Amino acid sequence: MKKKPREPEEGLFAHGGWMFTVFYGILIAGLTLYAFHLGGQTYAFTVLGVSQLFHAIGMRDRDCSVFRMNHLENPLMIL
């Protein structure tokens with residue numbers, strides 16, 4: 001709420017949004033494929049699910065590090 005809102009004409013992927021999407025997509029895909037190689041389907045599915053949860057927590061604020069965020073502001077996200 002401290003930041004000014006984005007312009008209505010501005011797209012969802014403006015200001016580096018495509019870069020974040022592609023980077024994290026490749027990272028999660030690579031981790032999942034590596035998990036599939038190591039342990040099979042169940043392991044890969046678990047890694048995919050957990051990585052999506054961590055990705056959701058990390059993308060709460062693109063400008064702030066995960067380690068500097070106040071995670072208690074949104075307890076339902078942690079739950």
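User: Which element gives the largest share of the lining of the second largest pocket?

Analyst: That's H1, with 5 residues. A lining residue has an atom within 4 Å of a pocket point, and a pocket is an open set on a 1 Å grid where a 1.4 Å probe fits, with protein on both sides within 12 Å along at least five of seven lines. Keep in mind that this is a predicted model, where local features need pLDDT of at least 70, side-chain atom pairs need 80 or more, and totals for linings use all residues. Numbering runs from 1 along each chain, and side-chain values use heavy atoms, without hydrogens or water.

User: What makes up the rest of the picture for the second largest pocket?

Analyst: There are 15 lining residues, with Tyr24, Phe54, His55, Gly58 and Val66 nearest the centre. They split into 9 nonpolar, 4 polar and 2 charged. The volume is about 330 Å³, meaning the space filled by probe spheres set on the points.

User: Why are H1 and H2 called roughly antiparallel?

Analyst: The axes of H1 (residues 17-39) and H2 (residues 41-58) cross at roughly 155° and come within 7 Å. Roughly antiparallel means over 145 degrees, so H1 and H2 qualify. Their crossing is right-handed.

User: Which residues make the contact between H1 and H2?

Analyst: On H1, they include Tyr24, Ile28 and Leu31, and on H2, Val47, Leu48 and His55 are among them. Contact here is heavy atoms within 4.5 Å. By class, that contact has 10 nonpolar, 6 polar and no charged residues.

Note on methods
Axes fitted to C-alpha atoms, helices over the stretch in contact; angles between N-to-C directions. Helix = DSSP H or I, 4+ residues; strand = E, 2+ residues; numbered from the N terminus. Parallel < 35°, antiparallel > 145°, perpendicular 65-115°, else oblique. Left-handed = near helix turned anticlockwise from the far one by under 90°. Nonpolar A, V, L, I, M, F, W, Y, C, P; charged D, E, K, R; others polar.
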